[in-house]
Amino acid sequence: MDDSLILQIKDLRVEIPMPEGTLTPVRGVNFEMRKGETVGLVGESGCGKSLTCKAVLGINDKKCKVYGEINYNHPTDGAQNLLAMNPRGKQIRSIRGKEISMIFQEPMVAFSPLYTIGNQISEAALLHITKNRQEAKELSIAMMKKVGIANAEKRYNQYPHEFSGGMLQRAMITMALVCHPKILIADEPTTALDVTIQAQILELMKEMQKDSDMGILFITHDLGVVARMCDRVNVMYLGKIVESGPAATIYADPEHPYTNGLMHSVHKIGSRKKERLFSIEGTVPLAMNLKTACGFYERCDHRIEGLCDQADPELVEVAPDHKVACFACDNEACRAMRAKAEAMLKAQGQQGASKEEKRHE
Amino acid sequence: MNKESILEVKKLHKRFTSKNITVKAVTDVSFNVSEGETIGIVGESGCGKTTLGRCIVRAYQASEGEVWYRTRDGKELDFLKVDKKQMKALRKDIQMIFQDPYSSLDPRMTVLDIIKEPLVANYKKTMSDKEMNEKVISIASKVGLNTTYLKRYPHAFSGGQRQRIGIARALVVDPRIVICDEAVSALDVSVQAQVINLLRDLQKEFHLTYLFISHDLSVVEHISNKVGVMYLGRMVEYAPTDALFSKPLHPYTEALLSAVPVPDPTVQIDRIPLKGEIPNPANPPLGCYFHERCSYCCEKCCSEVPAYIEAEPGHFVACHRAAELKLRGFEYK
Amino acid sequence: MARRIKTQDDYYLASQWQLMLRKLKKHRLAQISFFVLAVLYIGAIFGDFIAPYGLEEFDAVYKDCAPTQVHYVFEGKNVGPYVFAITKHIDKKTFKITYEDDTTQYYPIKFFVHGTHYKVLGFIDCDWHLFGLGEGSNGGKDAKIFLFGADNLGRDLFSRILIGSQVSLSMPFVSAIISLFLGVIIGAVSGYFGGAIDMVIQRIIEVLGAIPQIPLWMALSAAIPPGVSTIRLYFYMTIILSFINWTGMARIVRGKFLSSKNDDYVMAARLAGVSTWSIIWKHLVPGFMSYLIVSVTRSIPSSVVGETSMSYLGLGIRSPATSWGVLLQECSSIAVIAQHPNKLIPIIFVTITVMAFNFFGDGLRDAADPYK
């Protein structure tokens, strides 16, 4: 694993067996995160982004079967496959909270109402850094001050219900950062907050990142937030990444029909355009018993009959650091992939036809 | 009442009292709505926009104020003071679409029955069952629902489709005003676009007037003719969309506009920082509610509540320093 | 593929009850319990028919006798199921009473025989019984088939359990239904209107709930005048039983009302012009019907135990009617239980009934609210 990378996800698949069939919310996710980078994972509900980031920390539900590799570049121990670890074992528990932390969408329910905020923040410090309660308390209060919680000493002893939404999110960030992790996974951290508070929290996250070279995996469906926060963006649809690249490129020149559709579905504030918004027809299908085909096939304006419904495109590099998974895009790499897929289908078709002939004989 | 207005809200107040604590959810709100317009009402949590909408339809009983409505025959009535019988007749004219597509439909009724219910409640004696069913089918296809699925229960439908069912239910009685209470907030981006387009098409076809309550400024800018900004129960600014977004007159509006993340990584945002947090609505600050967080606060702001005045034609604002401040909005190219 | 689509469509078209039923069918324990309850209730409904003897039919010879043994082979020949008559011997010296089978003749068990008269539905006279004894092989008529033995007056315990189950199984059920009605109406009023009405009703519920159950029942039934007719007594008892249970129901209903009253779909109905009454009955009540049914089913066991306890203490059903509790009155001393353990059989019936209702209620609770 390249030393500039901090996280590498290879062919991640999550399957949930159900009585009606197998649900496959994540169907082969590949991406990387460099040190100090903010990577965005963008998609709508049902695309599998939450399950992907939960798989990194091994906190998926028992029912989920997780396959693939998630390689974490440990500062002292080198590359480790997080999925190879026992989800309840000591090894991954030493990583959770210390090397890789996570913050969640609803700060109101992320804290236990029975313990003070300080107690819960110190819990992380006590687990990973020190066994001394006083030292943990000092570390926590120092981090609280850094994060911008006023009257940190007083707030340390208060309960979650005494905090507002924005404050609680700051407290959650404190709890995540108190052990100075290398990666922060943020699962829709500002969706439940007011827009002015959201702006404060996003700025805070950027500031925290500056001093520590920490990588942030930012999951959201809000294209505005992604533009503000992320250096690189991965667009997910139906369990796969359909486009990946630097934020500026993705916004200026989206290649994949889904990304393109999404960009045009949102009204850009500050522009006077009042025409009809572009809307992608149909809805996200259920990820159950899917056959081999492009996940976006049914809703795509550029679909190629006979190809896109028979084969699933892979991510190919269309420009330095810009990858797209689509047969229909107009560039060299995609065209090459398309030709290869068409040839393979033709061969399969011929094989099938010759088998038929053999049977008739 | 203004000749072109279809709805005029005058000094509306709503207070919630419980155990000696009074929360002023809506304080002294006034504005005009012309027929066929879309008025956007924006604000953050605790601003009272949802309460305002519910007071207008009389789902909540307003504490004070008037809501003047011009009926189809041109009569002017105070919606809040009509008697029960008149109320029943007028209910059909103002309908509401709710935010949560999951709790706004009774899970135990078929979709057909859900959309038919307002007809049954109002036209039981004048319409036959067959006529009602026909009306339901026609409205359902107008909003884009597959009419063969009407016998299904809500759990069979996705969020966007449920929202369409809610829209059909609101429109089946031919209302004139529809209050969209965060009608697209709970939907995915691509579905939001579908529903927003649908609302615009329906407005054109049925000559509807919308009161669009939302916290999403991008959507509001897209769909509204006029926008009202609320803060802690008061209307702090009310203006045509272009004017509000390009030349805001209230510091809160300025801060709000600068905080919205733009889906364009090349745009440099110079955010106006707001100190502190939204105050407790049960204990609002003295004077201007916003003064503790305002960068332009002066002495007068701390003691006197600013008057809601028409600073420019059609552009209302409640700020002592509106005339002198040069606030930053979006540059419309 | 077609089959899966069919299932999906079924799911979309299924109403709340259909979904609930489907889930319930998968619950093994609930299915077994339902079967057990069905058997018990059918036994009760056809009790007079299934039982070989009437309620008060007795034979002094058979006083306190043990369960009759059924044999199949008589003197080497297979003659089908039969029983022996019992003869009583008193030892002249010790005065000890012994019972012996009279093996001289056998009495075959016959099905669909004529026996004691009883009234179907209270007025149609009938004397058919499911099984009984035929004439003895030597023409005797003294034998009795007491499958569970006899009580201290020589009455068949099996028949009395069956006929007694009519009371023991119906009374809790009827009282649960009455509690349901009372609970829904009072809870609805309390929850929907709130305010002073709510406060008063809640305080009454709390006071009633604070009084210990069994003493309250005892006090209420002691207030029933003696010599009252059986039917009247039955009604009084049912009402006493439902008197406590309605409070639990009302609380649940009120809670559900308070939480659902502000749901968006209720507001939408109000804005559409639907009347308050229609909102309560069409929107709110169906919303918690499933919880209520679960609650009713799970409150029946305590009524069964309550009725049995009261009758055991002599405060409930009195003769000529009988219930399982009355039958247990003879089990008041260790001596009786040690010598005649068959008299405890009614307890097995009570236990099975209570467990069956509990498991069925659990199954219902797991199946309820299929939208979660």
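Predicted model: local features only at pLDDT ≥ 70, side-chain atom pairs only at ≥ 80, totals over all residues.

Student: Start with chain C. Which domains does chain C divide into?

Tutor: Domain 1 covers 13-45 + 161-367, and domain 2 covers 51-155. The C-alpha centres of these two domains of chain C are 38 Å apart.

Student: Switch to chain B. What are the domains of chain B?

Tutor: For chain B the assignment gives domain 1 as 5-224 and domain 2 as 231-317. Their C-alpha centres lie 27 Å apart.

Student: How many residues are in contact there?

Tutor: 21 residues of domain 1 of chain B contact 16 residues of domain 2 of chain B. On the domain 1 side, β2 (21-34) and α7 (217-223) of chain B each supply at least two residues. The largest share comes from β2(B), with 11 residues.

Student: What classes do the residues on that domain 1 side of chain B divide into?

Tutor: 8 are nonpolar, 9 polar and 4 charged.

Student: Now between chains. How many residues from chain B and chain A make the contact?

Tutor: Chain B contributes 34 residues and chain A contributes 33 residues. On the chain B side, α6 (189-206), α7 and α9 (251-259) each supply at least two residues. The largest share is from α6(B), 7 residues.

Student: And the classes on the side of chain B that touches chain A?

Tutor: That side has 18 nonpolar, 10 polar and 6 charged residues.

Student: What about chain C against chain B: how many residues from each?

Tutor: 19 residues come from chain C and 24 residues from chain B. On the chain C side, α1 (2-13), α9 (264-272) and α10 (276-312) each supply at least two. The largest share, 8 residues, comes from α9(C). By class, the side of chain C that touches chain B has 11 nonpolar, 5 polar and 3 charged residues.

Student: New topic, single residues. Where is the place of His129(C)?

Tutor: In strand β4 of chain C, residues 124-133.

Student: Is His129(C) buried or exposed, and why?

Tutor: His129(C) counts as buried because 22 other C-beta atoms lie within 10 Å, and the cut-off for buried is 20 or more.

Student: What is His129(C) in contact with, leaving aside neighbours within four places in sequence?

Tutor: Phe49(C), Ala51(C), Pro52(C), Val113(C) and Gly115(C). Gly47(C) is 82 residues away in sequence, yet its C-alpha is 9.5 Å from that of His129(C).

Student: Last one, chain A. In which sense do β11 and β12 of chain A pair?

Tutor: Antiparallel, over 3 bridges; β11(A) is residues 316-319 and β12(A) is residues 322-324. Val316(A) has Val324(A), in β12(A), as its bridge partner.

Student: What about the hairpin turn: how many residues sit between the strands?

Tutor: There are 2 residues between β11(A) and β12(A), and in this hairpin Asp321(A) takes a positive phi near 70°.

How values were computed:
Residues numbered from 1 in each chain as written. Chains lettered and ligands numbered in written order. Domains from an automatic or database assignment. Contact = placed C-beta atoms within 7 Å. Helix = DSSP H or I, 4+ residues; strand = E, 2+ residues; numbered from the N terminus. Nonpolar A, V, L, I, M, F, W, Y, C, P; charged D, E, K, R; others polar. Buried ≥ 20, exposed ≤ 12 C-beta atoms within 10 Å, placed from the backbone. Pairing = 2+ DSSP bridges.
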